[in-house]
Amino acid sequence: MRRSPLPPSLRRVVENLSTLPGIGEKTATRLALAILRWPQQKAKELGRSIAVLHERVNLCSQCFTFSEADPCDICTDPKRDPSVICVVEDPGDIVAIERAGVFRGVYHVLHGAISPMDGIGPEELKIKELLERIDRGAGTDSPVKEVILANSSTAAGEVTASFLSDCLSGKGITVTRIACGIPMGMDIKYADPITLKQAMILRNTVK
Ligand code: ZN
């Protein structure tokens, strides 16, 4: 094996960064060198911000997004409609939909999509929690009236959306799927706000 010309501490940062999604060794080296060229204070602040992440950020016990408060700011916002739940794959998708500015309901984060090849079945996702949440709401002042399936239009996203629509049928709620605008195979967090807005407005009833 070739020996890295980088000093060990720099190599350690490169190795750590290259475990991130989409970051290869080349990019990791470029980022690590950029951090090394920063003033020391700035590099320390980056390290500290990463160090406190796991201590401060937890999952909202209602919608399962990442949040420092429980319930999160969206779940406790009185201006939002708790009778409409938009189901997404991960918290990054909420950021994208909020940027589009058309949705005033609440969210439910699945934390992934069904993918048997990767060993991810329905029980690995927050599906049971979604069904419990809907059952809990039934008979209260704010029962769930609609679930919008905003899963990505990838193969795994489609499988998950169809699994969910089966689980939700017979619960007396409207189940819709975001439509139009999101290209096939695209992860929704990379869609531009206009495309997402279109997809939310033109969503279709599944059942
Ligand atoms: Zn929440």
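The exercises below concern a predicted model, and each is followed by a worked solution.

**Exercise 1. The zinc site**

Identify the atoms that coordinate the zinc ion, and decide which geometry they form.

Solution. 
- Step 1: Find the donors. The zinc ion is coordinated at 2.3 Å by the SG atoms of Cys60, Cys63, Cys72 and Cys75.
- Step 2: Check the angles. The four donor atoms subtend 106 to 117 degrees around the zinc ion. Four donors count as tetrahedral if all angles lie between 85 and 135 degrees, so the arrangement is tetrahedral.
- Step 3: Compare with the ideal. Four tetrahedral donors ideally have angles of 109.5 degrees.

**Exercise 2. The zinc ligands along the chain**

Describe the spacing of the donors in sequence, and state where Cys60 and Cys72 lie.

Solution. 
- Step 1: Write the spacing. Along the chain, the donors of the zinc ion follow C-x2-C-x8-C-x2-C.
- Step 2: Cys60 is in the loop between β1 (58-59) and β2 (66-67), while Cys72 is in the loop between β2 and β3. The pair therefore ties together parts that are 12 residues apart in sequence.
- Step 3: Buried means under 20% relative accessible area. Cys60 has 0% relative accessibility, so Cys60 counts as buried. Cys72 has 4%, so Cys72 counts as buried.

**Exercise 3. The nonpolar cores**

Determine which residues touch the most other members of the largest nonpolar core, and which elements supply this core.

Solution. 
- Step 1: Pick out the residues. The largest nonpolar core has 24 residues, of which Cys86, Val88, Ile97, Phe103, Tyr107, Ile178 and Leu196 touch the most other members.
- Step 2: Assign elements. At least two residues of this core come from each of β3 (81-88), α5 (91-100), β4 (105-109) and α8 (193-201). The most is given by α5, with four residues.
- Step 3: Follow one residue. Beyond its neighbours within four places in sequence, Cys86 has contacts that include Ile97, Phe103, Tyr107, Ile148 and Met200.

**Exercise 4. Arg177**

Is Arg177 buried or exposed, and which backbone oxygens does its side chain reach?

Solution. 
- Step 1: Locate the residue. Arg177 belongs to strand β6 (residues 174-177).
- Step 2: Arg177 has a relative accessible area of 10%, so Arg177 is buried.
- Step 3: The Arg177 side chain reaches the backbone oxygen of Asn151 at 2.8 Å. A polar atom of that side chain lies 3.3 Å from the backbone oxygen of Ser152.

How values were computed: Residues numbered from 1 in each chain as written. Predicted model: local features only at pLDDT ≥ 70, side-chain atom pairs only at ≥ 80, totals over all residues. Heavy atoms only, no water. Core = buried A, V, L, I, M, F, W, Y, C linked by side-chain atoms within 4.5 Å. Buried < 20%, exposed > 50% of the residue type's maximum accessible area, 1.4 Å probe, protein only. Contact = heavy atoms within 4.5 Å. Donors = N, O, S within 2.8 Å, 3.2 Å for Na, K, Ca; no water. Tetrahedral: all angles 85-135°; square planar, octahedral: opposite > 155°, others 65-115°. Polar contact = N/O pair within 3.5 Å; in protein donor to acceptor, adjacent residues only side chain to side chain.
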